Amino acid sequence: MVDVRRVKLPGVGVLHTFVTDDGGKVGVIAHRSGHSDLITFSDHEDGSDVTKVSLRLNEDEAHTLAELLGGTQITEALTALDQIPGLSIDWFTVDYDDYIAGQQLGAPGDRGFVGLAVVAVVRGDSANPAPAPDFKVFPGDTLVVAGTPEKVAKAFSFFRTGEVAHRVTADAPPGG
C-alpha cells in the first residue's frame with residue numbers, strides 16, 4: 001500500500017503526496033475551487049538538476065485522469081477474471097460505420113450468441129450495466145462483452161458487419 005501524506009493548505013485546498021518505488025515524488029493539490037494540480041517535485045536534498053513538472057487540470061480533466069488511473073485497477077481485476085479457462089472479457093468501441101451503430105442491442109441469444117453477455121455499455125462518463133435488449137447503441141459507446149473467446153470474436157464481427165459467421169464442422173449436414 002502506498003503511503004499518502006495529506007497536508008491542508010489554508011486558503012488553497014489540500015496537498016496529497018507520495019513517493020514512488022523509484023524515489024519519484026508525486027503530488028496532487030486539490031484546490032477549493034475544484035481544479036487540481038498534478039505535480040512532481042523534489043526536496044532540496046535531491047539536487048538542483050531534478051526536473052520539476054506541474055500540470056493544472058480543471059475538474060472534468062481531474063476526474064478523467066482519476067478514471068484512467070482507476071481503470072488500471074479495474075483492468076487488472078478483469079484480467080484476473082480473464083484467467084478463468086473459457087472466459088474472455090473484452091471491449092468493443094462502436095464506430096460510425098459499424099452495423100450496430102444506431103441499432104438496438106438485442107439479446108445475444110436471439111442473434112445466435114448463446115452463452116455471451118453484454119455486461120455493460122459505457123457511454124461518456126456513465127456505465128449502463130446489464131443493458132436491456134431495446135438499449136440503443138450509438139457511435140462512441142463501448143460494449144463490455146463476456147463469453148468464450150470464439151463467441152466474443154463472432155459477436156465483434158457481427159457488431160461491425162451485421163453478419164453472423166457460421167462455422168461448419170465435418171459432421172454437420174450440407175448447408176448447416
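**Close-up views of a predicted model**

**View 1. Strand 7 and strand 8 run antiparallel, joined by four bridges.** Strand 8 covers residues 126-129. The model shown here and in the other views is predicted. Within this pair, Arg123 stands opposite Ser126 of strand 8. The two strands form a hairpin. Two residues lie between them. Gly124 sits in the turn and has a positive phi of about 60°.

**View 2. Strand 7 also pairs with strand 9.** The sense is again antiparallel: strand 7 and strand 9 share five bridges. Here Ala117 stands opposite Ala146 in strand 9. In a regular strand, side chains alternate between the two faces of the sheet.

**View 3. The largest nonpolar core holds 18 residues.** Which residues have the most contacts inside this core? They are Phe92, Val94, Leu105, Val137, Leu143, Val145 and Phe159. Helix 2 supplies the largest share, with five residues. Nonpolar side chains tend to be buried together in soluble globular proteins.

**View 4. Leu105 and its contacts.** Residues up to four places away in sequence are left out here.

**View 5. Asp98 lies in the loop between strand 6 and strand 7.** Strand 6 spans 88-93, and strand 7 spans 117-123. Is Asp98 buried or exposed? Asp98 counts as buried because its relative accessibility is 6%, and the cut-off for buried is under 20%. The side chains of Asp98 and Arg160 are joined by a polar contact of 3.2 Å. Not counting residues up to four places away in sequence, Asp98 touches Phe92, Thr93, Phe159 and Arg160.

**View 6. Pro108 is placed in the loop between strand 6 and strand 7.** What does Pro108 contact, leaving aside its neighbours within four places in sequence? Its contacts are Phe113, Val114, Leu116 and Val118. Pro108 and Val118 are ten residues apart along the chain. Their C-alpha atoms are separated by 7.7 Å.

Note on methods: Residues numbered from 1 in each chain as written. Predicted model: local features only at pLDDT ≥ 70, side-chain atom pairs only at ≥ 80, totals over all residues. Heavy atoms only, no water. Buried < 20%, exposed > 50% of the residue type's maximum accessible area, 1.4 Å probe, protein only. Polar contact = N/O pair within 3.5 Å; in protein donor to acceptor, adjacent residues only side chain to side chain. Contact = heavy atoms within 4.5 Å. Core = buried A, V, L, I, M, F, W, Y, C linked by side-chain atoms within 4.5 Å. Pairing = 2+ DSSP bridges.
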